[in-house]
Amino acid sequence: MAWKKSTIRGCALGAALLLPATAFAEDTGVSQGVFVANNVWMMLCTALVFIMHLGFASVETGLTRAKNTTNILFKNVFVICSGLLTYYICGFNLMYPGDFNGYFGFAGFGLDPGADGNTALYADGGYTYWTDFIFQGMFAATCATIVSGAVAERIKLSAFMIFALIFVAIIYPIAGSWKWGGGWLDAMGFYDFAGSTLVHSVGGWGALVGAWMLGGRLGKFGPDGRLTPIPGSNMPLAAIGVFLLWLGWFGFNGGSVLSADPELTSLVLVTTCLAAAAGGLGAMLSYNLVSTKPDLSMALNGILAGLVGVTAGADVVTPMSAILIGAIAGCLVVGSVIFFDRIRIDDPVGAISVHLTCGIWGTLAVGIFSTNPDHSFLTQLIGVGAYAAFTLTCVLVVFGILNATIGIRVPEEDEVEGLDLSEHGMHAYDLHTSGTSLDAPLGLGRS
Amino acid sequence: MTEEESVKKLEAIIKPFKLEEVKEALTKEGIEGMTVSEVKGFGRQRGHSELYRGAEYVVDFLPKVKIEILLAEEKVEAATEVITKAASSGRIGDGKIFILPAEDVVRIRTGERGETAI
């Protein structure tokens, strides 16, 4: 009787799972069953982190004006597509160069699992080489998406795309290699569990430079320090986006355990969610000092702030500490949003405040709250400084060159008309009618 | 068109939530058609201020609804009264009615003109 290939494979897998001890179990102490379970959890987390791109797309759309919706979505689409591809080409091997001098290393173009890549020997039975690549690849793209929110509604599409390519392909992985790749910061004892520093603050520095160099959107900052808000176009989408991001964080933090270890993964989910909740409430309470009318977008930013804040130490802090970290992050983000407005840096979605301010806070919080005695505030501070110096320098150079050559900001008429029309020649809504419905939802003639 | 047959146009700017009430009242009065549009505007009421992420801004223009109807001159007084009663909330911003002369009216389907075209 001829057996179907799938049947044979199924039997083989079943037999492997049933065998209590196999050859590599003796090498790694990890049974095939545990290896499979770990890898499945990591792949699930990969998918959850991917959901964060849905979240970013929604949040950014919701907090910006309808006349720029196509543009902001296009940037989001470009980032995930180009990010994954460049991570394949060079990013992964820049970030994990293997043995290197601790500052810069490169394991070659493309991917190569090697003989043990897809066995339990690769990562102590935590996941396969392929899983490693795609899980980390999802992280990489998120840091450019952070920038996209801060530069929205006025950045030239071509300039952004070039910047994003370089940011994700080169800057992010080199910075990441210093810690997760086993580089000098790792050797020093610096700790970033899931990326408050490596992903969020790096993205945040990029966002800060971009927003600063571009200048504020037309009409936002007036003479004599006058400030005119430019409200978003879709609060439901913004709220849904934040919930999607929270959902994605189950994978972002849950998967950073790098296995399905029951105690660690479950602790991490608890600290992550408690920090998110505390961040939301913290933002609500502190905004109450600004106005007795609660601002939904601030509460949403508060949730994100809590999530970013706990991300550096979700596996080394107690649930109570996570609540404190989140609550403080929620308060910080409110102050930060108002601060950046006051110094005339226009951040349409609050990306700088959520990711940079709270990314730095999360990094330092490890030094304050970690239950691991090897972690110190000073080491964390050094890490913050190192990433600040490196990222600021790189981003200033890239944006500076772009600004001097092709220019990074769209012409005034294009900004007024809306980037959907000027950069894409199409609308996001009512595609078949003319553009009269795309004026800012607030007031006649205000755009 | 003679004096007796003259057609008038009423433009009523009212608060949006009053539209249903005004429509019902006009229909009861025998007014058979109307055009409605969403507009923005302000009178002596001015606007109000709102807050977004800690920064204040003034909303001058408030959403209103404009109802346009055409009627024979003898019906204008009754219609005005009906609209005023239905659209009134007693609070500032209730709106205004503009009464304008209409040169002529045409029914597109039949080509009728004047009062019979209403």
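Predicted model: local features only at pLDDT ≥ 70, side-chain atom pairs only at ≥ 80, totals over all residues.

Trainee: Is A:Asp224 buried or exposed?

Mentor: Residues are numbered from 1 along each chain as its sequence is written, and chains are lettered from A and ligands numbered from 1 in the order in which they are written. A residue is buried if 20 or more other C-beta atoms, placed from the backbone, lie within 10 Å of its own, exposed if 12 or fewer, and partly exposed in between. Because A:Asp224 has 4 other C-beta atoms within 10 Å, this residue is exposed.

Trainee: Where does A:Asp224 lie, and what is its phi?

Mentor: Helices (H or I, at least four residues) and strands (E, at least two) are DSSP runs, numbered from the N terminus. The place of A:Asp224 is the loop between α8 (196–214) and α9 (235–254) of chain A. Although A:Asp224 is not a glycine, its phi is positive, at about 60°.

Trainee: Is A:Leu258 buried or exposed?

Mentor: A:Leu258, which is not a glycine, has a positive phi of about 65°, and it is found in the loop between α9 and α10 (262–287) of chain A. Since 20 other C-beta atoms lie within 10 Å, A:Leu258 is buried.

Trainee: How are α1 and α2 of chain B oriented, parallel or antiparallel?

Mentor: Helix α1 (residues 19–29) and helix α2 (residues 76–87) of chain B pack with their axes 9 Å apart and at an angle of about 150°, where axes are lines fitted to C-alpha atoms over the stretch in contact and angles run from 0 to 180 degrees between N-to-C directions. Angles under 35 degrees count as roughly parallel, over 145 as roughly antiparallel, 65 to 115 as roughly perpendicular and the rest as oblique. The angle therefore makes α1(B) and α2(B) roughly antiparallel.

Trainee: Which element gives the most to the side of chain B that touches chain A?

Mentor: Taking two residues as in contact if their C-beta atoms, placed from the backbone, lie within 7 Å, 10 residues of chain B are in contact with 16 residues of chain A. On the side of chain B that touches chain A, β3 (48–52) and β4 (55–59) of chain B each supply at least two residues. The element that gives the most, with three residues, is β4(B).
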